[in-house]
Amino acid sequence: MKVICSSEESLYRSEAVRWRERMSLMAPIGEVVVLLPCSMKKPYSDSKSHQKFKKVTRSFQEVIITSPFGMCPRELENTFPIQSYDVSVTGNWSYEEVKTSGELLKEYLKDKKVIANVHGGYEEACRDYLDDCIYTCEDGRPTSPDSLYNLRMELKNYPRLKKREKTLHELRSIATYQFGKKGKDFIPDDCKSKGMYHKRIFSNSKQLALLNKNVGLFTLHLEGGKKLFELGINIVNIDFELKTNTIFAPGISKASSNIVPNDEVVVVYNDEVVAVGKAVLSAYEMEKCNNGIGVKVKHRVKT
């Protein structure tokens with residue numbers, strides 16, 4: 001689904017506001033962060049400009065500056081809505097756009113070393129809000145040979161990130177975005193991902209979830225549901241023995257207050273995880289409604 005962002009008012013779209021709120025939970029990895037401009041094509045890695053950038057920056061923490069969403073760490077570029085928003089890329093930003101991105105970057109970067117290969121409004125946001133930043137863009141062209149050479153030379157001063165380290169960071173960042181602050185604990189140190197496109201996420205040889213690359217979010221399996229239950233995240237308590245793949249609102253006794261429609265949830269009966277699925281209603285609606293589907297079950301314990 002396309003998220004159309006055609007004016008400055010798009011800064012206040014619910015999708016953009018929620019994205020920026022979740023970005024405040026993120027933290028960079030490594031000694032240096034590379035700031036890059038966004039592209040019209042999504043996800044960014046599919047664009048010609050970012051294919052050039054990645055040849056230089058793939059072993060470092062990358063962050064894309066964008067409006068109206070503020071910023072996007074590379075590891076979240078496949079996540080909805082950042083992977084499907086539509087906006088004209090002119091490089092000319094309003095005061096509000098510069099302020100929104102600049103404040104978000106300042107909070108995210110903290111005391112990290114920063115290299116910015118940007119121009120126009122992207123550069124304004126960096127110069128106005130970041131105290132110590134190295135700029136590599138020449139003649140307003142981040143993809144020019146001179147700009148990329150400058151970027152490569154600067155990055156030689158910093159150690160590269162290991163592939164395993166980046167993979168764990170990506171999975172934990174997605175889990176934090178999807179499940180909140182405690183979400184990073186959903187991905188244990190022994191976690192492994194398998195698959196060419198969609199990624200199956202395993203721990204201790206048991207599948208926790210499927211990382212759906214179409215939306216960049218996890219779809220829970222029962223083992224993942226047990227993990228979320230331990231963390232106290234997205235729990236739906238029912239007062240009956242589950243024998244179908246549909247849970248109606250009258251059978252729900254309690255739900256975690258933060259649950260909104262389309263969230264992945266854990267279904268619990270008598271303090272035991274009996275299913276995982278997708279919320280159809282919000283937590284408030286689940287507890288108050290006398291009819292309607294509350295949760296569509298994806299996997300359940302067979303009895």
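## Strands 9 and 10 and their sheet

Strand 9 (residues 199-203) and strand 10 (residues 206-212) pair in the antiparallel sense through five bridges. Strands and helices are DSSP runs numbered from the N terminus, with at least two residues (E) for a strand and at least four (H or I) for a helix; two strands pair if DSSP finds at least two bridges between them. Ser-203 has Lys-206 in strand 10 as its bridge partner. The model is predicted: local features need pLDDT of at least 70 and side-chain atom pairs count only at pLDDT 80 or more, whereas totals for chains, interfaces and linings use all residues. Residues are numbered from 1 along each chain as its sequence is written, and side-chain values use heavy atoms, with hydrogens and water left out.

The two strands belong to an open sheet of four strands in the order 8-9-10-11, with antiparallel pairing. Strand 8 (192-194) and strand 11 (217-220) are the edge strands, each pairing on one side only. From one strand to the next, the twist averages 35°; axes are lines fitted to C-alpha atoms, for helices over the stretch in contact, and angles run from 0 to 180 degrees between N-to-C directions.

## Helices on the sheet

Helix 6 (residues 163-179) lies across strands 8, 9, 10 and 11 and runs at about 75° to strand 11. Helix 7 (residues 222-231) also packs on the sheet, where it touches strand 10 and strand 11. The direction of helix 7 makes about 95° with that of strand 10.

## A separate hairpin

Strand 3 (residues 61-66) and strand 4 (residues 70-73) run antiparallel and are joined by four bridges. Three residues lie between them in this hairpin. Val-63 stands opposite Pro-73 in strand 4.

## Nonpolar cores

A nonpolar core is a set of buried Ala, Val, Leu, Ile, Met, Phe, Trp, Tyr and Cys residues joined through side-chain atoms within 4.5 Å. Buried means under 20% relative accessible area, exposed over 50%, and partly exposed in between (1.4 Å probe, protein chains only). The largest core has 55 residues, and Leu-35, Phe-186, Ile-187 and Phe-218 have the most contacts inside it. Helix 6 supplies the largest share of this core, six residues.

Beyond its neighbours within four places in sequence, Ile-187 is in contact with Leu-168, Leu-171, Arg-172, Ala-175, Ile-201 and Phe-218, contact being heavy atoms within 4.5 Å. A second, separate core of 18 residues includes Val-274, Ala-275, Leu-281 and Met-286.
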